[in-house]
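Here is a briefing on one protein structure.

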Amino acid sequence: MTELTGNRWRRTACRIFPLLISFPLLGGCWDRLELEERAVILGVAVDDAESGPAEEGDVTHMPDFEPAPEQPMYRLTVQIALPGRIPLGPGGGGGGGGGTSKPSETVWIVGVTGHTIDDAMMNLQQKLSAPLFLGHLRVIVVSEKIARRGFSNLNDYLRRNPEVRRMAWMMISAGKAEEVIRTHPPLERVPTMYVISTLDNAARTGKFPQTFAGMFWSNSSKKGQEGVLPYVRLKEEQTLEIAGLAMFRSDRMVASSSPLQIAAYMGIKHINPGGYRGIVQIGGDSLTIYSTHRSSKIRVRIRDGQPAFTVDIGIEANVEEKSNESVSLSNETILRELEKIGGQSTQELYQGLVEKTQQYGSDIFGFGEYVRAKKPGFWNAQVKTKEKWQRMYKEASIDVNLKIHIRRIGMKAE
């Protein structure tokens with residue numbers, strides 16, 4: 001009888017013991033932090049602080065014992081979401097209220113200075129009661145002045161922070177980055193969402209490639225490729241214009257393209273859909289053609305000890321408009337002539353962008369990666385490093401061959 005009782009206790013203990021061990025592991029919400037208790041940053045702008053205040057305070061260092069870094073200071077402007085103020089539906093106010101919310105009612109914009117990005121963030125935290133949270137950071141705007149000086153410090157800080165999304169948009173502003181963050185267009189109640197929508201819609205309609213922050217960091221770290229970012233300009237009407245591509249050499253901006261050269265970049269990189277229009281003059285008439293699809297093929301060979309590239313590009317297009325009735329589109333000869341003239345002018349646009357990137361040694365197309373993949377022996381023997389390829393790219397032979405094929409002329413043939 002005693003032996004049976006002991007066995008029963010052992011079986012009971014074997015069942016209860018695992019439960020007792022698991023109790024400490026069930027407290028999954030012990031370190032929870034409510035959304036209202038966080039300072040949720042939606043957008044960040046980085047400017048030069050030479051004309052701003054000299055010091056925010058001795059927050060991260062003691063001047064007498066730990067002098068600040070001898071480098072230009074940063075001006076950081078952040079857009080913080082106000083809990084319960086952001087509308088959740090069309091026409092509705094946040095927190096259950098109705099009506100239309102103004103940007104000043106949905107976000108709080110705060111500016112600080114710092115010797116480094118982390119120093120500026122610590123100065124910002126010193127001004128706020130809630131802990132900073134970058135998990136919803138969607139827009140990073142950097143002034144052209146900072147970008148041309150190099151912003152490795154910003155990239156290092158953001159890449160090390162596990163909260164920062166790699167799908168955030170990073171862009172270069174032709175003017176002050178703070179002005180982009182402070183814009184308040186009537187189309188959006190949250191200013192950051194206007195910037196996001198502008199770039200998302202441009203990528204969706206073939207006006208701009210999806211160059212998110214993570215893609216920029218990835219391309220910049222490759223030995224045979226450089227990164228590109230949107231180059232934007234704020235207009236007087238509180239609208240954001242995509243003014244071109246910001247081209248980089250390592251972490252330093254070296255040049256910017258024209259808006260039409262964005263189409264050339266996307267064509268060489270085989271990025272679809274096509275979304276650009278061009279005007280072609282033929283027979284005294286002006287016709288507008290609209291690209292719908294792009295295709296490209298890049299070939300590399302070694303010629304006289306140097307890499308040589310051939311880029312074959314095909315563009316499918318539709319006729320969208322005619323200025324007068326002097327040219328009949330039902331004539332097959334006229335269509336072929338239209339394709340020829342349009343192809344020649346477009347090829348000049350593409351070749352001009354390639355030559356511009358070579359002038360600054362900025363291989364934004366990744367031709368060096370083709371050499372690494374297709375000619376590894378040449379790369380390992382003659383190139384090896386990113387710096388060497390930046391020099392060799394300036395002298396590389398790159399031929400662009402482009403053809404346009406018109407598929408549709410619209411409902412009216414004449």
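Predicted model: local features only at pLDDT ≥ 70, side-chain atom pairs only at ≥ 80, totals over all residues.

**The α12–α13 contact**
- From α12, the contact draws on Phe378, Trp379, Gln382 and Val383.
- From α13, Lys388, Trp389 and Met392 take part.
- By class, the contact residues divide into five nonpolar, one polar and one charged.

**Val371**
- Val371 sits in helix α11, which covers residues 367-374.
- Val371 has a relative accessible area of 0%, so this residue counts as buried, the cut-off being under 20%.
- Beyond its neighbours within four places in sequence, Val371 is in contact with Val300, Pro307, Phe309, Pro376, Phe378, Trp379 and Trp389.
- Phe378 and Trp379 of α12 and Trp389 of α13 also belong to the helix–helix contact.
- Ala308 is 63 residues from Val371 along the chain, yet their C-alpha atoms are separated by 9.6 Å.

**The whole protein**
- The protein contains 13 helices and 13 strands.
- Of its 414 residues, 46% are buried.
- Among contacts between residues at least 6 apart in sequence, 73% link residues at least 24 apart.
- The accessible surface is about 21400 Å², and carbon and sulfur atoms account for 53% of this surface.

Definitions and conventions
Residues numbered from 1 in each chain as written. Heavy atoms only, no water. Contact = heavy atoms within 4.5 Å. Helix = DSSP H or I, 4+ residues; strand = E, 2+ residues; numbered from the N terminus. Nonpolar A, V, L, I, M, F, W, Y, C, P; charged D, E, K, R; others polar. Buried < 20%, exposed > 50% of the residue type's maximum accessible area, 1.4 Å probe, protein only. Areas by Shrake-Rupley, 256 points an atom, 1.4 Å probe, with all protein chains shown as cover.
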